[in-house]
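Subject: Structure handover

Hello,

I am passing this structure on to you, with notes on what was found in it. Please look it over before reading further.

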Amino acid sequence: MKIGDKVANFTLKNQDGDPLSLARVLENGPVVLFFYPAAMTAGCTKESCHFRDLKAEFDQLGVQRVGISMDKVDKQKQFSDTHGFDYPLLSDEDGSVAEAFGVKRSIGILRTKRQTFVIDKDSTVLAIFKSEFNMNSHAEEAIEFFRTNRSDPASQN
């Protein structure tokens, strides 16, 4: 997946076991979709909590946040409940979505790369952020992207 590509719609179960499609999320505005390697690990907790803590900034920009990993639904539920996440965590158990985005690892204990995709309402990838070790950078880069490139995404609904 690269900037300018159209993301094919997909549907995965969220942390409550309910199906959620990308198309449904995009109805409410652009999406920041962040892949994380494993729920309940130190780095992924730090990253996911940072996305949670920046809720007001994302809301002000009219941007939806969605986390995704190859963890099972019950682990996503535990992760969300433990840390009070206010956005969906999607369970990509078979890694098909991670593979489509090019973030699935072929070897190693961490099954996906830590990458974030900014997706516009028409399913176009607008930006991609990659950093395996700076857990706060993706959320901050996404906010900066919208502040710099769009005066008011919410008004474009």
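How many nonpolar, polar and charged residues does the lining of the largest pocket have? The lining has six nonpolar, two polar and five charged residues. Please keep in mind throughout that this is a predicted model.

The rest of the pocket first. The largest pocket has a volume of about 190 Å³. It is lined by 13 residues, and Val25, Gln64, Arg65, Tyr87 and Pro88 are the closest to its centre. Helix 1, helix 3 and strand 4 (64-69) each give two or more residues to this lining. Strand 4 has the largest share, with three residues.

Now the chain as a whole. The protein chain has 157 residues, of which 52% count as buried. Its secondary structure consists of six helices and seven strands. Read from the N terminus, the order of the elements is β-β-α-β-α-α-β-α-β-α-β-β-α. Among contacts with a separation of 6 or more, 63% are between residues 24 or more positions apart. The chain has an accessible surface of about 7400 Å², and carbon and sulfur atoms account for 49% of that surface.

Next, the nonpolar cores. The largest nonpolar core holds 23 residues, and those that touch the most other members are Val32, Tyr36, Phe51, Phe58, Val118 and Phe146. Two or more residues of this core come from each of strand 3 (31-35), helix 2 (42-53), helix 3 (55-61), strand 7 (125-130) and helix 6 (137-149). Helix 6 contributes the most, five residues. Another core, of 20 residues, lies apart from this one, and its members include Leu26, Leu33, Ile68 and Ala98.

Setting aside neighbours within four places in sequence, Val118 is in contact with Val31, Val32, Thr124, Val125, Leu126, Ala127, Phe129, Ala142, Phe145 and Phe146.

Searching the whole structure for cavities of 30 Å³ or more gives one. The largest cavity contains about 30 Å³ of space. Its lining is made up of Phe10, Leu20, Ser21, Leu22, Val25, Leu33, Val66 and Leu90. By class, seven of these residues are nonpolar, one is polar and none is charged. Strand 2 (19-21) and helix 1 (22-26) each supply at least two residues of the cavity lining.

Last, two backbone angles to look at. Met40 is not a glycine, yet its phi is positive, at about 70 degrees. Met40 sits in the loop between strand 3 and helix 2. Ser123, also a residue other than glycine, has a positive phi near 75 degrees. Ser123 is found in the loop between strand 6 (115-119) and strand 7.

Are these two residues buried, partly exposed or exposed? Met40 has a relative accessible area of 32%, so Met40 is partly exposed. For Ser123 the relative accessible area is 17%, and because buried means under 20%, Ser123 counts as buried.

Regards

Note on methods: Residues numbered from 1 in each chain as written. Predicted model: local features only at pLDDT ≥ 70, side-chain atom pairs only at ≥ 80, totals over all residues. Heavy atoms only, no water. 1 Å grid on protein atoms, 1.4 Å probe; cavity = no way out; pocket = protein on both sides within 12 Å on 5 of 7 lines; lining within 4 Å. Points joined across faces, edges and corners; volume = space filled by probe spheres on them. Helix = DSSP H or I, 4+ residues; strand = E, 2+ residues; numbered from the N terminus. Nonpolar A, V, L, I, M, F, W, Y, C, P; charged D, E, K, R; others polar. Buried < 20%, exposed > 50% of the residue type's maximum accessible area, 1.4 Å probe, protein only. Contact = heavy atoms within 4.5 Å. Areas by Shrake-Rupley, 256 points an atom, 1.4 Å probe, with all protein chains shown as cover. Core = buried A, V, L, I, M, F, W, Y, C linked by side-chain atoms within 4.5 Å.
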